[in-house]
Every structure is written in C-alpha cells, then in structure tokens.
Amino acid sequence: MFEQPRQLNITLKSPAEIEKMRVAGAAAARVLEMIEPYVKPGITTKELDDIMDDYIENVEHAKSADKGYKLGDNYPPYPAATCISVNEVVCHGIPGSYKLKDGDILNIDVTVLKDGYHGDTSRMYIVGHVPPRVEELCKVTQQCMYEAIKTVHPGSNIRDIGDAIEKVAHKAGFTIVEEYCGHGIGSGFHEEPSILHYHNYNNYFNPSIIVQEGMCFTIEPMINLGKKKIKQKNGGWTVTTADKKPTAQYEHTLLVTSNGVEVLTLRKDEDFPRIITH
Ligand code: MF3
Ligand code: CO
Ligand code: CO
C-alpha cells in the first residue's frame, strides 16, 4: 500500500552546475529588464514576444525553453517564446494580436535555456493607471513570493512555502490558484519536486521534503483578486480565472546554499537581497 512515500528524483547541483544556473538565471532576469520600456499602450503581446525572442537568441545567446514545449499529448506544442498573461489570464497566455491598453496588468514569464541549464522567472507589469485594489494584488503577489523565499534554507520544509504564501495572500483578502505549482529546475525545465503555493499536508502523493543545499526550484504563486477557481480554455494552453477578475503572478528561480538561499533571477528593480543567510 502507501506506507512508503513516493520516490522523488530531486537533483542536487554540483558547483559547476550551480555556475551554469547562475548564468541562465541572470539571462532570464535581463529579459524582463530589457522589455520593461516596451510595455506601453498600443503594443501587441506578439510584438513584445518577438522583441524578447530576438533578444534571447542574439544578445543572450540562449534559447527560449517555452518554444515547442509539450505539456502532454493532448496539447499542441507551445507556439511562442514567452508567456504573456493579461488581466484575467492566470498563466500560459499565448502572445498574439491583443494590443495593450491603459488599465491592463500583465505577467511576462520567461524561461531561457543557456549552456544546458534553465532560468525561469516572471513579473507583473502595469499599463498606465489601474484601480488601487488591482495594484495591491500585484504588490501582494510579489510579497507572497518574497515571504516564501525567506523560509528557504537547508533543513526547512518545502511546505513552509505554501504556509508563508497563504498568510500574506489571505490577510489581504486574495485567493491562491491551486492547479499550478513551482518546480525543481536545472538541466530539466520542470524537475521534481512540485512546490505547492498553499497550505498542504504530508501524504503519499505529497511527501514531506526537507530542503537541502544544492537544490534549485522555482516559487511562482498565482494570486486572484476574486475566487480561486480557474478555467482552462477549450483544452488549450490558456488559463483564466473563472470569474474573469484579475490575477497576478511572480516567479523566481532559487538555489539553496549551505546556509540559506540565493535568488538566481533577481533584477535591478527589486528591493530584495540576492542572498539570504540563516
Ligand atoms: N514558465 C512556465 C513556468 O513557470 C512554464 C511555461 S511552459 C510554456 O513553469 F510552454 F507555456 F511556455
Ligand atoms: Co516555472
Ligand atoms: Co515561468
């Protein structure tokens, strides 16, 4: 029966691999910095994607890990270089002919593959003026991620992450999407373990995982202004909130160090330490 926890394949990175994770993480972070001035009313999400695609290949000399990515046999391969999720789109928004307008919020999620290793990160952008509660949604989502990152060190429990996120999100009156998780990352885009963003219990399918030096994983909470329920559009990629209210997400790729955590995808615009020691 289920006495033994499910065996997970969690890779611990060697010093040489860690260096490559740093390089990939920094490249992914620079994509989000580079695109910022282009995020203005009138530009289409496809135009943004093309700029990032070109930059990833010709400036970073890396590849988009999203392009052609397969979720499973029931999905067509992912058709763009990045995911751009506007307003009620929770994640995996496919760049297209939609023109940004004043009052939009959007998440840009970039995953680069450089020298065999992945860097995965996303942030929100606000176009012009949005209602205070929507601005708060973005701020609180970033704070959820930051508080979760602060729990990570060798000996901590992966479940502390969900608890930290839940505390911040619920205090502000927002809800947490449960269908999508953070993930281990390295030479694989999505490695084990899954990182749940809400309070969760230890069981066969969700064994307790103690954080160890050399692990790399993402934390990428998706937080909704309204109800937590989501809708997957006609079996396709795009996921929206069921109530069509706005949703936000932030994501960083992390490395567990000997005494804390290093944020591999930190950007210049962030007021958060790259290295936290415990
Ligand atoms: N970057 C997403 C993540 O954080 C995954 C995107 S897969 C894609 O895990 F195919 F939609 F690009
Ligand atoms: Co990710
Ligand atoms: Co991502």
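Asp-50 and Lys-46 are both part of helix H2, 4 residues apart, which is about one turn of the helix. In this predicted model, the two form a salt bridge whose closest N and O atoms are 2.7 Å apart. Asp-50 is partly exposed, at 36% relative accessible area, and Lys-46 is also partly exposed, at 39%.

Elsewhere, Glu-19, Arg-22 and Glu-262 are joined into one network by salt bridges that share partners. The structure has 15 salt bridges.

## Salt bridges between distant parts of the chain

Lys-20 and Asp-115 form a salt bridge through their side chains, at 3.9 Å from N to O. This pair connects helix H1 (residues 15–35), which holds Lys-20, to the loop between strand E4 (105–114) and strand E5 (117–126), which holds Asp-115; the two residues are 95 residues apart. Lys-20 is partly exposed at 32% relative accessibility, whereas Asp-115 is exposed at 55%.

Arg-30 and Glu-60 also form a salt bridge, with 2.7 Å between the closest N and O atoms. Arg-30 lies in helix H1 and Glu-60 in the loop between helix H2 (45–58) and strand E1 (63–64), 30 residues apart. Glu-60 counts as buried because its relative accessibility is 8%, under the 20% cut-off. Arg-30, at 36%, is partly exposed.

## Positive surface patch

Lys-229, Lys-231, Lys-233 and Lys-244 make up a patch of positive charge on the surface. Lys-233 sits in the loop between strand E11 (230–232) and strand E12 (239–241) and is partly exposed, with 41% relative accessibility.

## A buried threonine

Thr-141 belongs to helix H3 (residues 132–150) and is buried, at 0% relative accessible area. Leaving aside residues up to four places away in sequence, Thr-141 touches Pro-221, Ile-223, Ala-248, Gln-249 and Tyr-250.

Conventions
Residues are numbered from 1 along each chain as its sequence is written. Chains are lettered from A and ligands numbered from 1 in the order in which they are written. This is a predicted model: local features need pLDDT of at least 70, side-chain atom pairs count only at pLDDT 80 or more; totals for chains, interfaces and linings use all residues. Side-chain values use heavy atoms; hydrogens and water are left out. Patches are made of residues with over 30% relative accessible area and no salt bridge: like charges are joined within 9 Å, nonpolar side chains (Val, Leu, Ile, Met, Phe, Trp, Tyr) within 5 Å. Accessible areas come from the Shrake-Rupley method with a 1.4 Å probe; for residues, only the protein chains shown count as cover. A salt bridge is a side-chain nitrogen of Lys or Arg within 4 Å of a carboxyl oxygen of Asp or Glu. Lys and Arg count as positive and Asp and Glu as negative; His and the chain ends are not counted. The place of a charge is taken as NZ of Lys, CZ of Arg, CG of Asp or CD of Glu. Buried means under 20% relative accessible area, exposed over 50%, partly exposed in between (1.4 Å probe, protein chains only). Contact means heavy atoms within 4.5 Å.
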